[in-house]
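Subject: Handover of a model, with notes

Dear colleague,

I am passing on the structure below, together with my notes on it. Please read them with the structure open beside you.

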Amino acid sequence: MLKILVTLSIFFALVMQTIISEIKANTNYDYLIHINESFDKHPIHLTGFYRQGYWIKQASLLKKAAVTGLPNSALCEKGNYGNLVLSLDPHIFYNPKMTTFYGTLKAKIYNQDGKVLKKMKVEDELIGRIDILHEIPIDKLYKKLLLALDEQIKNDSEINLRRSDKKSQGIEDTFCLMLD
């Protein structure tokens, strides 16, 4: 009797885990965010006023900011589905004499057919010093850029129409493999 009870509880746990993973896999976001891994494989070097420099892996910092900065979006990973794919290319520069970070974020928005719907570009700056905690001002800069990008997207009627289409099949995470 105990063996049957243990077997049934294991079976029930496996069935519930499958159902929960299926529900999570079918979650349909407005955007799947794609950031090319080459921005981590080839970091940039930002130099401070006294010639000290830091190697910055842009992709990992932008991914952290993008998850919190763009509403109803997820990274382009297994189990995520979305109506549109948002491919982001970050570019940052630091001027040590002005103690200013300059950032540019180029975005391409892809539809379900793999065609580029729109290309957008936002630029902004942030005053701050580069030091050992360089992730903090860069994160703030990326969040400012993502906020500006979100405003541009909200003002575009074609993208809003495609984004709000809940009848669409959704784009799988495998679409992002083509973008790398």
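Throughout, a residue is called buried if its relative accessible area is under 20%, exposed if over 50%, and partly exposed in between, with a 1.4 Å probe and with protein chains only taken into account. By that rule Tyr 94, with a relative accessible area of 5%, is buried.

This is a predicted model, in which local features need pLDDT of at least 70 and side-chain atom pairs count only at pLDDT 80 or more, while totals for chains, interfaces and linings use all residues. Residues are numbered from 1 along each chain as its sequence is written, and side-chain values use heavy atoms, with hydrogens and water left out.

Overall organisation

The protein chain contains five helices and seven strands, where helices (H or I, at least four residues) and strands (E, at least two) are DSSP runs numbered from the N terminus. Their order along the sequence is α-β-α-β-β-α-β-β-β-β-α-α. Of the 180 residues in the protein chain, 39% are buried. If contact is taken as heavy atoms within 4.5 Å, then among the contacts with a separation of 6 or more, 68% are between residues 24 or more positions apart.

Two strands are said to pair if DSSP finds at least two bridges between them. On that basis β1 and β5 run parallel and are joined by seven bridges, with Gly 82 in β5 as the bridge partner of Tyr 29. The strand β1 also pairs with β4 in the parallel sense, over three bridges, and there Ile 33 stands opposite Leu 75 of β4.

A nonpolar core is here a set of buried Ala, Val, Leu, Ile, Met, Phe, Trp, Tyr and Cys residues joined through side-chain atoms within 4.5 Å. The largest one has 36 residues, and the members that touch the most others are Leu 86, Leu 88 and Leu 149. At least two residues of this core come from each of β1 (28-35), β3 (53-56), α3 (58-69), β5 (81-95), β6 (100-110), β7 and α4, and α4 gives the largest share, seven residues. Leaving out residues up to four places away in sequence, Leu 149 touches Leu 86, Leu 88, Leu 105, Ala 107, Met 120 and Val 122. Apart from this core lies another, of eight residues, including Leu 32, Tyr 110, Ile 171 and Phe 175.

The buried residues of α4 are Pro 137, Ile 138, Leu 141, Tyr 142, Leu 145, Leu 146, Leu 149, Asp 150 and Ile 153. The expected span of a helix is 1.5 Å times one less than its number of residues; for the 20 residues of α4 that gives 28 Å, which agrees with the 28 Å between its end C-alpha atoms.

Loops and the aromatic pair

The loop between β7 (116-127) and α4 (135-154) holds His 134, which is buried at a relative accessible area of 9%. Beyond residues up to four places away in sequence, His 134 touches Tyr 54, Trp 55 and Ile 56. Gly 128 lies in the loop between β7 and α4 and counts as buried at 18% relative accessibility. Its C-alpha atom is separated by 5.7 Å from that of Thr 100, 28 residues apart along the chain, and, neighbours within four places in sequence aside, Gly 128 is in contact with Tyr 94, Thr 99, Thr 100 and Phe 101.

Rings of Phe, Tyr and Trp (its six-membered ring) pair if their centres lie within 6.5 Å, and planes under 30 degrees apart count as stacked, over 60 as edge-to-face and the rest as tilted. The count by this rule is two aromatic pairs. The rings of Tyr 94 and Phe 101 have centres 4.6 Å apart and planes at 45°, so that pair is tilted. Phe 101 is buried, at 0% relative accessibility.

Two backbone angles deserve a look. Thr 99, in the loop between β5 and β6, has a positive phi near 45° although not a glycine, and is buried with a relative accessible area of 17%. Asn 72, in the loop between α3 and β4 (73-75), has a positive phi of about 50°, again without being a glycine, and is partly exposed at 37% relative accessibility.

With best regards
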